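This briefing goes through one protein model by topic, from its overall build to individual residues. Please keep the sequence and the structure in view while reading.

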Amino acid sequence: MEINFLALLVAALSTLVVGFIWYGVLFGKKWEVVVGVTEEQKKMPRGGKTMMAIHGTNLLLSVVLYVALSIIIGSFDAINAVQAMWVAILVWLGVIVPMQGQMALYSNKTKHLGWSMFLINISYQLILSIIAGLLIGVW
């Protein structure tokens with residue numbers, strides 16, 4: 001399977017759009033409680049980094065992730081968008097969900113907050129996996 005970098009770039013850009021909606025509009029207030037964001041922290045760039053650096057790094061990491069996903073989809077001989085999407089969901093279920101679950105177990109949060117973070121994160125990753133699978137399969 002040939003890797004289509006335009007599909008990977010569009011999928012990577014979708015992380016910013018979906019992230020804005022997911023961690024801002026839909027679950028922003030809940031997310032702030034779960035991770036313990038203070039009013040003072042909201043006014044400061046994270047770790048002294050600019051949002052441009054954070055988003056740029058996110059794009060780079062997303063491209064790396066989607067290159068790997070593209071290779072996995074190709075190894076399954078997925079021939080259309082729906083098959084590619086199902087492979088992406090399988091990767092989400094078999095890799096991302098367990099890793100996020102392990103992080104929730106050791107997150108040092110209360111049981112409720114740790115699993116709230118887990119559910120918000122895995123549902124976000126599911127949406128991204130579906131989008132990436134469809135884009136990789138279409139292109």
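Predicted model: local features only at pLDDT ≥ 70, side-chain atom pairs only at ≥ 80, totals over all residues.

A residue is called buried here when its relative accessible area is under 20%, exposed when that value is over 50%, and partly exposed in between. By that cut-off Phe-118 is buried, because its relative accessible area is 11%.

**Confidence**

- The average pLDDT of the protein is 89, and 95% of the residues score at least 70.
- Confidence is highest in helix α5, at a mean of 94, and lowest in helix α3, which covers residues 39-43, at a mean of 74.

**Overall build**

- The secondary structure consists of six helices and zero strands, so that reading along the sequence gives the pattern α-α-α-α-α-α.
- The C-alpha trace spans about 50 × 30 × 20 Å along its principal axes.
- Of the 139 residues of the protein, 35% count as buried.
- The accessible surface comes to about 8,800 Å², and carbon and sulfur atoms account for 71% of that area.
- Among the contacts between residues at least 6 apart in sequence, 76% join residues that are at least 24 apart.

- Ala-7 is found in helix α1 and counts as buried, because its relative accessibility is 1%.
- Leaving aside residues up to four places away in sequence, Ala-7 touches Leu-135, Ile-136 and Trp-139.
- With one of these, Ile-136, the separation along the chain is 129 residues, while the two C-alpha atoms are 5.7 Å apart.
- Leu-8 also lies in helix α1, and a relative accessible area of 0% makes Leu-8 buried.
- The contacts of Leu-8, again not counting residues up to four places away in sequence, are Ile-3, Val-63, Tyr-66, Val-67, Ser-70 and Ile-136.
- Leu-8 and Leu-69 are 61 residues apart in sequence, and their C-alpha atoms are 9.5 Å apart in space.

**A nonpolar surface patch**

- Val-17, Phe-20, Ile-21, Val-25 and Leu-26 make a nonpolar surface patch of about 510 Å².

**Aromatic pairs**

- A search of the whole structure finds four aromatic pairs.
- Trp-22 counts as buried at 14% relative accessibility, whereas Phe-27 is partly exposed, with a relative accessible area of 30%.
- In another pair, the ring centres of Trp-115 and Phe-118 lie 5.0 Å apart with the planes at 80 degrees, so this pair is edge-to-face.
- Trp-115 and Phe-118 are separated by about one helical turn, because they stand three residues apart in helix α6, which covers residues 111-138.
- Trp-115 counts as partly exposed at 33% relative accessibility, whereas Phe-118 is buried at 11%.
- Tyr-23, Trp-31 and Tyr-124 form one aromatic cluster.

**Two loop residues**

- Asp-77 lies in the loop between α4, residues 51-75, and α5, residues 81-105.
- Asp-77 has a positive phi of about 55 degrees although it is not a glycine.
- For context, most residues other than glycine have a negative phi.
- Asp-77 counts as exposed, because its relative accessibility is 59%, which is over the 50% cut-off.
- Thr-50 lies in the loop between α3 and α4 and is partly exposed, with a relative accessible area of 47%.
- Thr-50 and Leu-69 are 19 residues apart along the chain, and their C-alpha atoms are separated by 29 Å.

Methods
Residues numbered from 1 in each chain as written. Heavy atoms only, no water. Patch = residues over 30% accessible without salt bridge, like charges linked within 9 Å, V, L, I, M, F, W, Y side chains within 5 Å. Areas by Shrake-Rupley, 256 points an atom, 1.4 Å probe, with all protein chains shown as cover. Salt bridge = Lys/Arg side-chain N within 4 Å of Asp/Glu carboxyl O. Phe/Tyr/Trp six-rings, centres within 6.5 Å; stacked < 30°, edge-to-face > 60°. Buried < 20%, exposed > 50% of the residue type's maximum accessible area, 1.4 Å probe, protein only. Helix = DSSP H or I, 4+ residues; strand = E, 2+ residues; numbered from the N terminus. pLDDT = per-residue confidence, 0-100. Contact = heavy atoms within 4.5 Å.
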